[in-house]
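Please look over the structure below. The report on it is brief.

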Amino acid sequence: MDNYQLEVAVEYLSAGANRHTAVADWNDDGIVAFGADSQIALWRPHDSPPRGVTSLISGHKDVVKAVRFLPKLEGESKTYLLSGADDQCLKVWEFSDESADSDGASCIQTAHEHTAPINCIATLHERGSPGSATRIFATGAADATIKVWILEGHEVRLLQTIKTAPKFFPLSIALSTFGRDGEALVLAVAGTRDIVQIFVASSRASPDFQLQATLSGHEGWIRSLDFAWEGNGPDSDLILASASQDKYIRLWRFHQGKELPAATTNGVDPSIGAYFPGRSPSNKAHRLKAAEQDFSITFEALLLGHDDWIYSAKWYSDTSTGKLQLLSTSADNTLAIWEADPSSGIWVTTVRLGEISREKGATTATGSTGGFWTGLWSPDGTSVTCLGRTGSWRLWNYNREQDQWIPHIGISGHTRAVTGIAWTKNGDYLLSTSLDQTTRLHASWNKGASQKTWHEMARPQIHGYDLNCIDSLGNSKFVSGADEKLMRVFDEPKAVAKLLSRLCDIGNEENVETMPDAANMPVLGLSNKAIEAVDDDLEVQPANPETDRDALDPGSTVRKSALEIDHPPFEDSLSRHTLWPEIEKLYGHGYEISCLAVSHDGTLIASACKASSINHAVIRLFETEKWTEVKPPLTAHSLTATRLRFSPDDRYLLSVGRDRQWAVFERDSDNKHIYKLLQSNPKGHSRMILDAAWAPSIDSLVFATAGRDKQVKIWRRASSNPADSGIACAVTISESHPVTALDFLARNAENGTYLLAVGTEIGKISIYSIDATSLNVSSTLNLRPE
């Protein structure tokens, strides 16, 4: 390994965002940080070319629910990020200015004061940039408390703990300065009740928040709170927006002085009570006192327009004009921008984005039903992004010439554990499958010579069961197994083949014209059916799924022009128009499929299922010409088989399992579909074996196994003479944690070395170079987790 240098760089990171309202923030440097499981992903939406997630910061032990950037001080080069998670910890991250490109962040402090998961974080909202070096922020958690903190230098200190009374869990909090001098502070808290509590502190130096008002009117849990100044002047009022599961947004005006503000038109409009059921909005004034000054809170406006729960409402205030805009996202799959009408002062929707077509997804599978969880403004107000149910971000940029919001390339990724990955046989693209019930196709978009970026190009399978394993079958088919007793085989549709050929230069030798146009999912089915694309002007009538089982869902009809695009598909196309038709089901197993493998020549599929007895722990082989099972099944294991692998020349089949043993089967020289047990080792490892891989050598039999006992073992057959063909352990590599995955580079590296990649339970990946003759490790490279 000394003769050549191995360089490893991150080419592509794909991660879906956690579905929580407070999970993301967009800072002034143009970075969006969001929680992706227990990590924080960083993405620059305005990057050109669009690189997607640039790095992942790990540190939390559980799902990250709240992420906020601290506002920058005057002339400050460093950026600070706060994050809270289900592990009850608040972490403060520092980005150094030098590593702006690599987005390197280091955790400077972890505070474990809460006794339950942290749901939300609020930073202090001020006029202009913060002048003083003390920064106050607040966190709300599921222990029904709000904690107020101060960051001085590098140290976070707890200032106050507020218990909610009457008890509720805070889902949203907002913190702002108050009054002309900005000395007083106001904290708004809301959550699993229909009230907003207003706490006031008189001094910034030593804040002590006291409950001074309770705003009632909402009729459901409140998901989002945000403060904004109405204008640029020192006397402008503070406006609070509260968004609720009752489908309404309420605006509240905080006014300084004893006199109430002049009644706004829509505040006292007597007819407003006619528009919605229940209580009419009360215009009761709430009086507050802070730092010897008087304030009043009055109900300002009720924003009607969403027809499902509203998850977030965020202000954008234009610093030059002082104009206010409110961005709301809702479970009705829309995102709305509200502005006050200049003449009447009534709040109206000026822009509505999202899924508002008549062909809304009728099934949860193909639509993004479940709506948008959070929306963010870019720092300059010309872009908005929102997070959907599928964990993906959609992005819109405002085009001044056309006066329109134009969709741009967002990012997408799995929202639950990824259980299987497979390259196509020629390595053109990567398929991944996950417990989030989707299979996704990732490929590189070749925009120009130096502009290669990776994106999700298709979502071939959206299923009703968690998916466990996948392998590619040639270059345009794949087979996957889920928590069901059968495997499904999929074929590439014409629309996706043309898209991949156009964007990724992936050409298929098979004739594209014989492929089906596209696929969609019947309303009640799990099977993707091949369909013909329809003309753009044809209207599809919704069918009744109760009378017609194969009724097509109008939401998943594919128009001919749907995938004739010059960019990676947006999220609504991915979830609707890029499904692959299912061509075959393979039956035989009695329990959920645990692993499968396709032979290198594509003629056989080997599979196993979850098992607790010898009868079920069999390996079944299916031939791919007529899709029939090759009897009898192969027996060796007594518990679930965890991995199956064909050797590079398909002469051997290797299986490993939870019963701690490995087994090697050899192909019959006469009938290529029949395999017989060559050797098994019931004590291969001391704990269950989780993965195995063949070394890329044709002339000798070498493979590696790895397991829960924190060891990687490399096995070799001593001689090629069949008489004494015992397979023995040649080398053992010890790791610090259980080894969950491994693979050999599929070609012989230079100088007679194999490259073996080893992944452990904590996400550490090491690459070992192994001498091909002695099988000893000659060097090791640890990949730092991004």
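Predicted model: local features only at pLDDT ≥ 70, side-chain atom pairs only at ≥ 80, totals over all residues.

Residues are numbered from 1 along each chain as its sequence is written, and side-chain values use heavy atoms, without hydrogens and water.

**His114.** His114 sits in the loop between strand 8 (105-111) and strand 9 (118-125). Helices (H or I, at least four residues) and strands (E, at least two) are DSSP runs, numbered from the N terminus. His114 counts as buried because its relative accessibility is 2%. Buried means under 20% relative accessible area, exposed over 50%, partly exposed in between (1.4 Å probe, protein chains only).

| Side chain | Partner side chain | Distance |
|---|---|---|
| His114 | Asp143 | 3.2 Å |
| His114 | Thr145 | 3.5 Å |

Five strands form an open antiparallel sheet in the order 17-18-19-21-20. Strand 17 (222-229) and strand 20 (286-290) are at the edges, each with a single partner strand, so one side of each has no neighbour in the sheet. Strands pair if DSSP finds at least two bridges between them. Strand 18 (residues 238-244) and strand 19 (residues 249-256) are joined by six bridges. Ala241 has Leu251 as its bridge partner in strand 19.

The largest nonpolar core has 26 residues; Val196, Ile198, Leu240 and Phe254 touch the most other members. A nonpolar core is a set of buried Ala, Val, Leu, Ile, Met, Phe, Trp, Tyr and Cys residues joined through side-chain atoms within 4.5 Å.

**Helix 1.** Buried residues of helix 1 (residues 494-504) include Val496, Leu500 and Leu503. The buried residues of this helix pack against strand 32 (438-446) and strand 33 (452-462). Just after helix 1, Asp505 takes a positive phi of about 55 degrees.

**Aromatic pairs.** Rings of Phe, Tyr and Trp (its six-membered ring) pair if their centres lie within 6.5 Å; planes under 30 degrees apart count as stacked, over 60 as edge-to-face and the rest as tilted. The count is 23 aromatic pairs. Trp252 and Phe299 pair edge-to-face, 5.5 Å centre to centre, with 70 degrees between the planes. Trp252 lies in strand 19 and Phe299 in strand 21 (residues 293-303), 47 residues apart.

Conventions. Polar contact = N/O pair within 3.5 Å; in protein donor to acceptor, adjacent residues only side chain to side chain. Contact = heavy atoms within 4.5 Å.
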